Amino acid sequence: MGAKDREGVWHNLSLHEKNGELVGTLQRRDPETGEYEKSPLQFQPGELGGMQAEARFPDGKAILIALSRSEPSEHRDASLQAQLYVRGQDVDGRATLEPIHDRPRQVRMNEPLAAIGANSREARLIQERFGVGTKALEPYKAPEVARRAPEPGKQKEMAR
């Protein structure tokens, strides 16, 4: 899953299974140095429902990653969603969570994991923990775009 924050920095989330637990990495590219920074993640049931982990980066910025099951609609099955938040404070000093991107992002398998399919440990763990189907975890495939036939006048030009 990838998400671009409001400053234009991409955050890439990867998940895997380790000893029956859901762990992962949040990676981002420092906009000033261009260097990649990684923070290990260990997911636990959390305050927002679903599972959460916190990433800490060298600049002191803490990012909360919240994983949850989407609500299924009549058109599609439930999927695994991720939302990234920055912890902050309101004017009264109360803790706040500010989303760093506009909408939750869908978590999907990458191509190598998809080749293993529903039998991968990661896919089984996510299906068990979040109740999502295998189809919801498949990599995104852009819809086929029907090609239009060339306009009659253009077809003659191409034939010349």
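D30 is placed in the loop between β3 and β4, where helices (H or I, at least four residues) and strands (E, at least two) are DSSP runs numbered from the N terminus. The model is predicted, so to speak of local features a pLDDT of at least 70 is needed, side-chain atom pairs count only at pLDDT 80 or more, and totals for chains, interfaces and linings use all residues. Residues are numbered from 1 along each chain as its sequence is written, and side-chain values use heavy atoms, with hydrogens and water left out.

D30 has a relative accessible area of 19% and therefore counts as buried; the classes are buried under 20%, exposed over 50% and partly exposed in between, with a 1.4 Å probe and protein chains only. Leaving aside neighbours within four places in sequence, D30 is in contact with E35 and E37, contact being heavy atoms within 4.5 Å. W10 lies 20 residues from D30 along the chain, and the C-alpha atoms of the two are separated by 9.1 Å.

The charged end of R28 sits over the ring of F57, 4.1 Å from the ring centre. This arrangement requires NZ of Lys or CZ of Arg within 6 Å of the ring centre and within 35 degrees of the ring normal. With a relative accessible area of 7%, R28 is buried. Beyond the neighbours within four places in sequence, the contacts of R28 are V9, W10, H11, E35, Y36, E37, F57, D59 and K61. As for pairing between rings, the structure holds zero aromatic pairs; the rings considered are those of Phe, Tyr and Trp (its six-membered ring), which pair if their centres lie within 6.5 Å, and planes under 30 degrees apart count as stacked, over 60 as edge-to-face and the rest as tilted.

Attention now turns to the protein as a whole. It contains four helices and ten strands, and from the N terminus on the elements run β-β-β-β-β-β-β-β-β-β-α-α-α-α. Of the 160 residues in the protein, 34% are buried. The accessible surface comes to about 10,900 Å², and 47% of this belongs to carbon and sulfur atoms; the areas come from the Shrake-Rupley method with a 1.4 Å probe, and for residues only the protein chains shown count as cover. Among contacts between residues at least 6 apart in sequence, 39% join residues at least 24 apart.

In soluble globular proteins, nonpolar side chains tend to be buried together. The largest nonpolar core here has 25 residues, of which L13, L15, L22, L26, F43, I65 and L67 touch the most other members. At least two residues of this core are supplied by each of β2 (10-18), β3, β6 (51-56), β7 (62-69), β8 (80-89) and α2 (121-130). A nonpolar core is a set of buried Ala, Val, Leu, Ile, Met, Phe, Trp, Tyr and Cys residues joined through side-chain atoms within 4.5 Å. Among the contacts of F43, neighbours within four places in sequence aside, are L13, L15, L22, I65 and L67, together with G24 and M51.

P40, in strand β4 (residues 36-42), is exposed at a relative accessible area of 65%. Neighbours within four places aside, P40 is in contact with G24 and E54; P40 and E54 are 14 residues apart in sequence and 8.6 Å apart, C-alpha to C-alpha. P45, in strand β5 (residues 44-45), is likewise exposed, with a value of 67%, and contacts G50, M51 and Q52 when neighbours within four places are left out.

N19, in the loop between β2 and β3, counts as exposed at 74% relative accessibility. Its phi is near 55°, a positive value in a residue other than glycine. Most residues other than glycine have a negative phi. Finally, E98 in strand β9 (residues 95-99) is partly exposed, with a relative accessible area of 48%. Outside the four places on either side in sequence, E98 is in contact with R6, L84, Y85 and V86.
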